[in-house]
Amino acid sequence: MVSNLPSLDKLIHELSKLPGIGNKTAGRLAYHILKSPEHFAHELSEAVEQVKRNVRECSHCYSYTETEEQCMYCTDPKRSNDVLCVVEDPSDISRIESSGAFRGRYHVLHGALSPLDGVTPQDLKIDPLIQKIRESQTGDECITEVILALDADLEGDTTVLYLAKILGEMGVNTTRIAHGVPIGGDIDYIDFRTLGRAIENRVQL
Ligand SMILES: [Zn+2]
């Protein structure tokens, strides 16, 4: 969609970069913003700026945190330290939390291995994961199980194979959530009950 109004076209162009937003939807959203009261546009742009300014990665699990250096999952004393759930993205944590099936700690990789797209282990938070497990093995609160809650697609499978080998060599019990979901299933699209069952019925690697 082209409006031939340079400012509106720029907004359409920026919105169309969002996931799942094609040019047509971007046009609809941009016209909606244009027609909205001044304060709506102001609050929207302020919210976008604030989220970038205030939210940062947790220094321990690489999920997101706003006020503290470490996130609420890392600092919660009621969660168990011996089970670590590895996810691709911070948004996966909210899904797993809604399932209520997990009360351990998390680690976010920020993606999955994809040799074809040039995503290597160095591009993900794999080294800090290994370091975290190694440190736990020398301390009192040893991580005894790592649950890989990664997507059931090619990238997820590649990452599971890679991590299972390393973690196996480190003597860590490694499991993967059961995927009673279509192959290629992104855990974003699994309802929380299915996700809860997938965690309970996790498979040994
Ligand atoms: Zn954290």
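**A tour from the zinc site to the cores**

Start at the zinc ion, whose donor residues follow the spacing C-x2-C-x9-C-x2-C in sequence; donors here are N, O and S atoms within 2.8 Å of the metal (3.2 Å for Na, K and Ca), and water is not among the atoms, so sites may look incomplete. This is a predicted model, where local features need pLDDT of at least 70 and side-chain atom pairs pLDDT 80 or more, while totals for chains, interfaces and linings use all residues. Numbering runs from 1 along each chain as its sequence is written, and side-chain values use heavy atoms, without hydrogens and water.

Select Cys 58, Cys 61, Cys 71 and Cys 74: their SG atoms coordinate the zinc ion at 2.3 Å. The four donor atoms subtend angles of 101 to 119 degrees, so the arrangement is tetrahedral (four donors, all angles between 85 and 135 degrees). Cys 71 and Cys 74 are both buried (under 20% relative accessible area, 1.4 Å probe, protein chains only).

Next, colour the largest nonpolar core, 20 residues: buried Ala, Val, Leu, Ile, Met, Phe, Trp, Tyr and Cys joined through side-chain atoms within 4.5 Å. Cys 85 and Phe 102 are among the residues touching the most other members. Helix H4 (72–75) and strand S3 (83–87) are among the elements giving two or more residues to this core; helices (H or I, at least four residues) and strands (E, at least two) are DSSP runs, numbered from the N terminus.

Now click Cys 85: beyond four places away in sequence, its contacts (heavy atoms within 4.5 Å) include Ile 96, Arg 105 and Ile 147. Finally, pick out Leu 84, which belongs to a second, separate core of 19 residues.

Terms used
Four donors count as tetrahedral if all angles lie between 85 and 135 degrees; four count as square planar and six as octahedral if opposite donors are over 155 degrees apart and all others between 65 and 115; anything else is irregular. Buried means under 20% relative accessible area, exposed over 50%, partly exposed in between (1.4 Å probe, protein chains only).
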